[in-house]
Structure formats: structure tokens, C-alpha cells
Amino acid sequence: MRYMNFKIFFFLITIFSASISLVFAWGSWGHQHINHAAVFALPDEMRPFFYNHIDFITEESVAPDLRKYTINDKAEGPRHYINLEAFGVSTMDSLPSNMQQLKARYSDSVLQIAGSLPWYILQMEDKLTKAFQGKRKTEIIFVAANLAHYIGDANMPLHTSLNHDGQLTNQKGVHAFFEGQLPELFGKEYNLNTGNAKYIDDLSKETWRMVQASFIKADTLLAVDRKLKETFPKEKIYKTDSKGNIIKNKFNDPVHSYAYAKKYHEALNGMVERQIREAIKETADFWYTAWANAGKPDLSDLDPGELTKRNEENYKADFKLWQHGKVSGFKPEQEFNQ
């Protein structure tokens, strides 16, 4: 096995395989709100075109997770996470700079544990730039929507940690709780206006900055959960049925009580909202940068003028709503709060 001690690798694959659960980064609520809100952060030259396809961009936000879990695409999994611990390095300086170099250095079995998220983001960004250059409408909206999913994953702290579901610290279920139940419960209060998209001078540097910023928050959200459980009544941490059994959602994730969720959300001091806002901002920035690097092609002629005109009234109303931090017009599938 290249670049990793065999005993360490065997240990990692054992704990990783034993801890896999059906968890969607940010869940439907998070991913759909990230994609939807990012459309409005785009400049005037891009926004009307993206708005014409906002329904697809919003719904397609969860497609990578469907490929991973529903279709069981084996190649999809590593694209959703990066575990620096599994690479056996303490910094990112020694890691390959692109996907081709990554696969030349590490075997598929290693990457199944370590992940390839930042490299895949850069690969998708390149594909989006080329789609803009060719003014290939279908490719633009498809790649943009999917790229946003991986950017969302990079801004979910537990997607950058080997302890991705608290399985190493007896906190299983915290992953879906943080990214799924909390946004569903409290997301309506979040401010989703992240300002105008900005050009990214160094895409590789920004991608790794994003990953590192998430990584340092993973221990914090786990520590807050552990500390709160020390004082919170144990019988009130989870929702239970009439027999006292912990209620689980359709993905077999434990459902926390509203009282515990509220306390945890407050103890995180806005972390969930900040990470979702960061994902929105980064998504818009990456979309804008791809378009700019493609030479800022005119997108106004990719759709019939009648479509843009027909959407104009709703476009103005939805843009004004986003300026106040809110979005509407879609209904994410509820994964916890049925």
C-alpha cells in the first residue's frame, strides 16, 4: 500500500466501514437552500439565466447523494469528504495538487477512506468553465448544480473529519443531527443573503482554505454536544415513542428532542447558519469565477426571450425577498420533522 502504513490503513478501514450510515450532507433542506440562494448572489449578467433554471438547480442539489445511496455508485462516495488523518499527514502542503496526481499516488482503496472532495471540486470547476466557454446550456446548469453540492459538503465540518458521525467518541447520530435536523428546525430564521459573488484569484488555495476552515470546527461541534449531554436530562435528549424507544427517521437516524436541539443549536452560537451561509457564498463565487475565466460569455441568448420575460415578475419578487435574507418557491423533503 503506497504512502500509508498497512496497520494504520486496516484500522481506519475497519472503523470507517463500521460507522457508515445514510447521512446526506446538509440534507435536502440545506443543499436546496444553498443552491437556490446562490443564484441571487450572481451578477446581473448571470442571474436571469440561472433564475430561468432555478427549479432544476435547486432540485438537482441532492443528485450526488442519490447517486451515492440510491443508485449505489461506488465512485461517488469519496467525492463527498476529505479525511486528512487517513492520508497520514498533518498539513495539506504535501498532498497532490490535482485529481490526476492524486490517483497516481494513492490507490482506490485508500481514497475510499481518505476521500477526494477538494480535488473533485476543482475538477468540476474546470468542467463548468469549459461548459461556459462552449455556451453549452445543459452542461452549465447540470455541472453548476452538482458542483454546489460538493462545495456544500466542504462547508460541513464533519465531512472533513474521520470522526464523521461521532463514532469514535460515542456520539453516533450527530452528523445527521447537525446537518439535517437543526436546519429543518431553525433554518427559517437564517439570513441567506451573503452579498454579491466575488472572483476567486486562486481556486486551489481557496478550496483548501474552505476545507481547513471546516476541519477546525469539527472538534468544536462534537465537544459542544458532549458537554451538553453531561448536564441535559438523559431521558429528554431524544424523542421517544410510548414504549420509551428512541424514534428514528426514515434513514434510521435518531431524532433528537426539540428541547435538546434548541439548546445545542444555541450552544453552537450560530455555527450551522454560518456554515450554510459560507456554502452559499462559495457556491456563487465558484460559479462566477468559472464564468469569468471562460471570458464572461453572453448567457442571455441561451434561453428563449419569452421564457425570461415570463419569469421577470417572479424574478424581481424573489430577488427582493433574497435581499431581505429569505427565499421561497420550493419545498425540501422533510427528513426529520414529519
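Buried means under 20% relative accessible area, exposed over 50%, and partly exposed in between, with a 1.4 Å probe and protein chains only. The views below show a predicted model, in which local features need pLDDT of at least 70, side-chain atom pairs count only at pLDDT 80 or more, and totals for chains, interfaces and linings use all residues. Residues are numbered from 1 along each chain as its sequence is written, and side-chain values use heavy atoms, with hydrogens and water left out.

**View A. Asn249 in the loop between α12 (203-231) and α13 (258-267).** Helices (H or I, at least four residues) and strands (E, at least two) are DSSP runs, numbered from the N terminus. Asn249 has a relative accessible area of 11%, so this residue is buried. A polar atom of the Asn249 side chain lies 2.8 Å from the backbone nitrogen of Asp253. Not counting residues up to four places away in sequence, Asn249 touches Val255, Glu335 and Phe336; contact means heavy atoms within 4.5 Å.

**View B. Thr194 in the loop between α11 (174-186) and α12.** Thr194 counts as buried because its relative accessibility is 17%. Leaving aside neighbours within four places in sequence, the residues in contact with Thr194 are Ala41, Arg277, Ile280, Lys281 and Trp322.

**View C. Lys316 in helix α15 (residues 305-323).** Lys316 is exposed, with a relative accessible area of 53%. From Lys316 to Ala279 the distance is 24 Å, C-alpha to C-alpha, and the two are 37 residues apart in sequence.

**View D. The largest nonpolar core, with 95 residues.** A nonpolar core is a set of buried Ala, Val, Leu, Ile, Met, Phe, Trp, Tyr and Cys residues joined through side-chain atoms within 4.5 Å. Phe50, Phe132, Tyr264 and Trp287 touch the most other members of this core. Helix α14 (residues 271-293) gives the largest share, 11 residues. Tyr264 touches Val174, Phe177, Phe178, Leu182, Leu221, Val224, Asp225 and Leu228, not counting residues up to four places away in sequence.

**View E. Helix α5 (residues 63-70) and its buried residues.** In α5, Ala63, Pro64, Asp65, Arg67 and Lys68 are buried. The buried residues of this helix pack against α2 (27-40), α4 (54-59) and α10 (137-154). An α-helix has 3.6 residues a turn, so residues three or four places apart point the same way. Just after α5, Asn72 takes a positive phi of about 65 degrees.

Technical notes
Polar contact = N/O pair within 3.5 Å; in protein donor to acceptor, adjacent residues only side chain to side chain.
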